[in-house]
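Work through the exercises below with the model open. Each task is followed by a stepwise solution.

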Amino acid sequence: MKLSEDTPLHHQARLRAALEQSGHRLTEQRAAVYRFLVSTDTHPTAEDVHQGVRRSLPAISLATVYKSLETFVGSGLALKLNYSDGSSRYDGRTDPHHHARCAVCGEVRDVPGSLPLQNVPGLHLAGDFQVTGYRLELTGVCGACA
Ligand code: ZN
Ligand code: MN
């Protein structure tokens, strides 16, 4: 499923600028990994990304895919979602948004909308901790697993 109507050229310019700002070069492999990541809203694992990118770059290794994804996370181009079972998923969407995760199959989907910080109950009770944001994950069962 397409995430946005952005052109590939737009993605490539954003990718190059962000990589160079953090001291990395834009390589064909990094471009292919990024292209795949922003083309999906399924929050793929590194293995999922590897499977997808191999269709256009058959020789790319899982290690290269993994390192590219970590570079994107460090450069602010992607988010990494870590779970208590040790699994991780990647998200090419970096604007503030929330997720719902199926407790059975692990599917992660975006949740539309958010609450303004001042409307989240109890956050003002955080003592001397200055709250600047929040992350919310809804848990439940997806339609296929119900
Ligand atoms: Zn499910
Ligand atoms: Mn997301």
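**Exercise 1.** How are the donor residues of the zinc ion (ligand 1) spaced in sequence?

Solution. This is a predicted model. Start with the donors: the SG atoms of Cys 102, Cys 105, Cys 142 and Cys 145 coordinate the zinc ion (ligand 1), at 2.3 to 2.4 Å. Now read the spacing along the chain: C-x2-C-x36-C-x2-C. Cys 105 sits in the loop between strand S3 (98-102) and strand S4 (108-111), while Cys 142 lies in the segment after strand S5 (137-140). They are 37 residues apart, and the pair links distant parts of the chain.

**Exercise 2.** Classify the geometry of the zinc site.

Solution. Take the angles among the four donor atoms: 102 to 114°. Tetrahedral requires all angles between 85 and 135 degrees. The site of the zinc ion (ligand 1) is therefore tetrahedral. For comparison, the ideal angle for four tetrahedral donors is 109.5 degrees.

**Exercise 3.** Is Cys 142 buried or exposed?

Solution. The cut-off for buried is under 20% relative accessible area. Cys 142 has 7% relative accessibility, so Cys 142 counts as buried. Cys 105, at 41%, counts as partly exposed.

**Exercise 4.** Describe how helices H2 and H3 pack.

Solution. Helix H2 (residues 28-38) and H3 pack at about 110°, with axes 10 Å apart. Angles of 65 to 115 degrees count as roughly perpendicular, so H2 and H3 are roughly perpendicular to each other. List the contacts: Ala 32, Val 33, Phe 36 and Leu 37 in H2 meet Asp 48, Val 49, Gly 52 and Val 53 in H3.

Note on methods:
Residues numbered from 1 in each chain as written. Chains lettered and ligands numbered in written order. Predicted model: local features only at pLDDT ≥ 70, side-chain atom pairs only at ≥ 80, totals over all residues. Heavy atoms only, no water. Donors = N, O, S within 2.8 Å, 3.2 Å for Na, K, Ca; no water. Tetrahedral: all angles 85-135°; square planar, octahedral: opposite > 155°, others 65-115°. Helix = DSSP H or I, 4+ residues; strand = E, 2+ residues; numbered from the N terminus. Buried < 20%, exposed > 50% of the residue type's maximum accessible area, 1.4 Å probe, protein only. Axes fitted to C-alpha atoms, helices over the stretch in contact; angles between N-to-C directions. Parallel < 35°, antiparallel > 145°, perpendicular 65-115°, else oblique. Contact = heavy atoms within 4.5 Å.
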